[in-house]
Amino acid sequence: MSSSKVQLKPVRVDVENLKKSFGEKVVLDGVNFSVEPGEIFALMGPSGSGKSVLLRHIIGLLQPDSGKVLIEGCDAGAEETHRRYVTSIVFQDGALFNSMSVYENLSLYPMEHHTCDKKTMNERIEMVLSLLSLQGAENLMPSELSGGMKKRVAVARALMMQPQLLLYDEPTSELDPELAAATAELISAVSAETGLTSIVVTHDRELAHNISRRVALLRDGKVAFQGTPAELEASSDPAVQAFLHPTMDINNPRFRKSSPVIAPVKTRRFK
Ligand code: ADP
Ligand code: MG
């Protein structure tokens with residue numbers, strides 16, 4: 001990581017009593033939390049708990065049924081808010097375009113959104129590549145990048161928009177432990193170098209522990225816990241315990257229905 005600091009004005013995010021259903025399915029049922037400017041906030045929760053749905057509200061792709069998502073007090077669902085406060089997202093799989101070089105991947109959004117002229121864009125590309133120790137990688141294709149480099153290019157691309165708020169969706173899923181540790185370092189370093197606000201959605205406890213001072217646990221449509229990672233680990237709350245120490249009950253009807261392998265298994269009596 002280079003020492004070239006790019007200090008951005010970080011933003012505050014408030015989620016107030018956010019509710020969202022899809023048809024009959026209630027996904028978010030009154031979610032409340034706040035993210036302070038410049039902090040790295042970890043939003044945890046089991047698979048399917050609505051973490052990505054929540055992120056989509058913050059970037060303005062989904063509108064709440066009720067409640068509010070505010071960026072610096074402004075409605076995150078309004079285009080105007082995103083013109084004023086830039087939010088970028090690093091998707092789970094990086095979402096790089098495989099037929100485009102690193103340079104083309106990085107230039108795509110600024111070109112499309114006409115955020116700057118070509119000279120400024122090239123300067124910015126040079127800056128983000130240097131920030132992420134990717135100097136000289138401009139002409140490489142995604143297939144020529146290692147897993148760690150791909151992650152860094154995905155972050156570099158998000159930084160091209162000069163965001164004040166950076167969202168990461170499951171940044172360490174499907175990574176080996178070494179790469180996961182490198183990604184944790186990357187997230188911390190980007191935060192320190194740019195000063196932006198980060199929200200990291202993850203079910204990786206180690207990641208949350210390493211990068212953030214505050215975590216929230218989303219469960220059954222609500223924030224079941226908020227506090228430090230150490231407080232999370234020490235909590236005896238049943239919702240927290242169920243998340244930290246999940247047990248698989250093969251008698252649960254959902255396993256019996258969905259899995260033909262498990263379905264025929266009955267308790268046998270050995271004589
Ligand atoms: P996760 O916490 O794993 O990121 P998601 O936020 O992706 O979970 O999804 C939460 C729930 O909302 C899931 O049950 C999912 O099927 C449902 N869901 C998400 N988006 C939609 C949609 N556009 N239409 C219907 N259901 C959706
Ligand atoms: Mg998700």
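In what order do the four strands of the open sheet with antiparallel pairing stand? The order in this sheet is β2-β1-β4-β5, where strands, like helices, are DSSP runs numbered from the N terminus (E, at least two residues, for strands; H or I, at least four, for helices), and two strands are taken to pair if DSSP finds at least two bridges between them. Its edge strands are β2 (25–35) and β5 (74–75), each of which pairs on one side only. Strand β4 (residues 66–71) is joined to β5 in the antiparallel sense over two bridges, and Leu 70 has Asp 75 in β5 as its bridge partner.

The model described here is predicted, and local features were considered only at pLDDT of at least 70 and side-chain atom pairs only at pLDDT 80 or more, whereas totals for chains, interfaces and linings use all residues. Residues are numbered from 1 along each chain as its sequence is written, while chains are lettered from A and ligands numbered from 1 in the order in which they are written.

A further open sheet is formed by six strands in the order β6-β7-β8-β3-β9-β10, with mixed pairing. Because β6 and β10 (222–227) stand at the edges with a single partner strand each, one side of each is left without a neighbour in the sheet. From one strand to the next the twist averages 20 degrees, angles being taken from 0 to 180 degrees between the N-to-C directions of axes fitted to C-alpha atoms, for helices over the stretch in contact.

Within this sheet, β3 (residues 40–44) is mostly covered, with five of its five residues buried; a residue is called buried if 20 or more other C-beta atoms, placed from the backbone, lie within 10 Å of its own, exposed if 12 or fewer do, and partly exposed in between. In a regular strand the side chains alternate between the two faces of the sheet. In β3, Ile 40, Ala 42 and Met 44 point one way, and Phe 41 and Leu 43 the other way. β3 runs parallel to β8 (residues 197–202), to which five bridges join it; here Ile 40 stands opposite Ser 198 and Leu 43 opposite Val 201. With β9 (residues 214–219), β3 pairs in the parallel sense over four bridges, and Phe 41 has Arg 214 as its bridge partner.

The pairing of β6 with β7 (residues 165–169) is parallel and extends over four bridges, with Ile 89 opposite Leu 167.

Among the helices, the axes of α3 (residues 102–112) and α5 (residues 147–159) come within 8 Å and cross at roughly 30 degrees. The two helices are therefore roughly parallel to each other, a term applied to angles under 35 degrees, with those over 145 counted as roughly antiparallel, 65 to 115 as roughly perpendicular and the rest as oblique.
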